[in-house]
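Subject: Structure handover and findings

Dear colleague,

Please find below the structure that I am handing over to you.

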Amino acid sequence: MASDQFEQFVAWAKRRGVIWPSSEIYGGLANSYDYGPIGVEMKNRLKAHWWRTMVHERDDIVGLDSAIILNPKVWEASGHTENFADPLVEDVVTHKRYRQDQLTDLTKSPDGNPLSEPRSFNLLFKTFIGAAEDSQSVAYLRGETCQGIFINFKQVHEISRQKIPFGIAQIGKAFRNEITPGNFTFRTREFEQMELEFFVQPADAAEWFEHWVASRLAWYVDLGLSQERLRLFKHPKSQLAHYSKGTTDIEYQFPWGWGELEGIANRGDYDLIQHQKFSGKDMSVFDEETKEKFTPWVIEPSGGVDRALLALLIEAWQFHPKGRSGEGEEETVLGLNAKLAAYDAAVLPLIKKEPLLKKAAELVKKLRADGQHVFYDESGSIGRRYRRMDEIGTPICYTVDFESVEDGPNKGTVTARDRDTMEQKRVTI
Ligand code: GAP
């Protein structure tokens with residue numbers, strides 16, 4: 001997508017019920033978005049696909065759904081109350097705020113004015129538990145989902161009867177009071193993460209790290225992101241998060257530049273040791289081979305649901321000002337991987353007349369019984385109905401026509417129209 005098409009893409013996302021600004025009837029809330037009827041289906045499918053490939057298709061990973069508000073000691077132990085901060089500077093004239101580490105010129109603001117001294121701005125969202133709003137009742141909305149995994153590590157290890165190496169996966173909301181949110185859903189204050197904490201023997205950590213970098217990169221390619229728009233970025237030591245021994249990001253070339261989709265970090269034993277210290281509970285496990293206790297190291301592939309979906313939509317979105325033929329009306333096509341499309345198929349009676357309607361209803365019932373999410377549409381011209389489906393990425397349209405119901409060689413068949421090639425084939429119901 002050319003960068004000047006991004007606005008058009010954002011307008012499409014709203015018009016077609018994918019993503020739109022939140023709280024609009026109250027004038028909106030900056031950098032907050034809602035997923036509409038089409039967007040929520042795509043997002044759910046993306047998460048389900050991650051869960052299937054990361055949990056269901058493996059013997060060595062189990063799932064978890066931990067609370068969003070945890071005991072505040074969790075965030076002290078993890079280092080977030082102290083270290084989860086960005087350097088904030090303010091333009092002394094306009095009072096606009098910036099992350100110092102994102103400025104190219106550290107001496108003045110992008111508007112050319114002097115900047116304040118940097119101060120450390122903690123990103124954790126604070127709240128209060130119960131009726132009293134005092135320091136005793138302070139709690140935090142989780143800044144990353146993985147801490148819920150670390151504090152449950154021993155419990156999951158025991159009850160799932162897993163042996164090291166094994167992983168715990170979780171998908172859920174995370175919250176960060178970002179200084180500079182922006183670029184649509186790329187950086188927001190409320191977002192979803194898909195995180196795997198993979199617990200390994202310290203000596204095997206480097207090998208598992210390489211495994212997860214390669215495997216996660218392939219996951220994005222398999223879903224449809226092109227190799228040329230993906231790259232790996234290895235963090236220099238000076239830029240590592242407080243918990244990390246090494247991090248490689250998977251980056252995507254968004255219309256505004258390269259941005260992180262997922263980070264794969266070697267967290268060492270940092271988190272388990274910290275929680276052991278703060279909770280007083282032993283976090284080590286017994287090694288059957290050496291007959292010794294040890295604290296596992298953690299390799300963490302941590303991705304953003306919203307960012308992954310944004311990249312996939314941007315990659316899939318095509319605008320043809322003169323249609324795909326080059327000689328018609330403007331056309332928008334979403335070439336999204338069929339696994340992630342909001343609908344598996346549409347069923348369209350050629351015209352709104354019996355016995356076509358009855359046959360179409362039968363087909364809808366069959367497809368739904370097969371577990372497919374089906375859109376049924378009987379109004380408007382067939383061409384217009386196809387285009388509506390192309391625009392939200394429905395991979396296939398089944399059209400019930402007179403041949404489907406009349407005696408003859410095609411009785412009991414429908415046409416199946418492919419979104420990408422626009423080819424139609426007759427197939428038996
Ligand atoms: N547990 C490690 C961790 O949270 P991170 O790199 O800070 O690492 C992981 O976040 C992923 O979460 C990022 O790669 C990104 O996809 C997503 N993410 C982080 N901050 C985000 C934000 N403000 N808005 C949307 N997604 C975000």
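Which side chain does a polar contact of 2.7 Å join to that of Tyr35? The partner is Asp306. A polar contact is here a pair of N or O atoms within 3.5 Å; within protein, one must be able to donate a hydrogen and the other to accept it, and residues adjacent in sequence count only if both atoms are side-chain atoms.

Before going further, please note that this is a predicted model, in which local features need pLDDT of at least 70 and side-chain atom pairs count only at pLDDT 80 or more, while totals for chains, interfaces and linings use all residues. Residues are numbered from 1 along each chain as its sequence is written, and side-chain values use heavy atoms, with hydrogens and water left out.

Tyr35 is part of strand β2 (residues 33–35); helices (H or I, at least four residues) and strands (E, at least two) are DSSP runs, numbered from the N terminus. With a relative accessibility of 18%, Tyr35 counts as buried, a term that means under 20% relative accessible area, with exposed being over 50% and partly exposed in between (1.4 Å probe, protein chains only). Setting aside residues up to four places away in sequence, Tyr35 touches Val18, Ile19, Val40, Lys43, Thr185, Asp306 and Leu309, where contact means heavy atoms within 4.5 Å.

Asp306 and Leu309 are among the buried residues of α9. This helix (residues 305–316) is mostly covered, as 11 of its 12 residues are buried. From its first C-alpha to its last, α9 reaches 16 Å, close to the 16 Å expected at 1.5 Å a residue; the expected span is 1.5 Å times one less than the number of residues.

The sheet

An open sheet of seven strands runs in the order β3-β9-β10-β16-β13-β12-β11, with mixed pairing; two strands pair if DSSP finds at least two bridges between them. Because β3 (61–63) and β11 (230–234) stand at the edges with a single partner strand each, one side of each is left without a neighbour in the sheet. From one strand to the next, the twist averages 25 degrees. Axes are lines fitted to C-alpha atoms, for helices over the stretch in contact, and angles run from 0 to 180 degrees between N-to-C directions.

Strands β9 (residues 166–175) and β10 (residues 190–200) are antiparallel and share 10 bridges. Within this pair, Phe166 has Phe199 of β10 as its bridge partner. Helix α6 (residues 153–160) packs on the sheet and touches β3, β9 and β10, its direction making about 135 degrees with that of β9.

Strand β13 (residues 257–268) holds Glu262, which counts as buried at 1% relative accessibility. The side chain of Glu262 makes a polar contact of 2.6 Å with the side chain of Tyr220.

The nonpolar cores

A nonpolar core is a set of buried Ala, Val, Leu, Ile, Met, Phe, Trp, Tyr and Cys residues joined through side-chain atoms within 4.5 Å. The largest has 61 residues, of which Phe9, Met42, Leu46, Trp212 and Leu313 touch the most other members. A second, separate core of 16 residues includes Val62, Phe150, Phe199 and Met283.

Trp212 belongs to helix α7 (residues 205–223) and counts as buried, with 0% relative accessibility. Beyond its neighbours within four places in sequence, Trp212 has contacts that include Met54, Leu196, Phe198 and Ile264.

Yours sincerely
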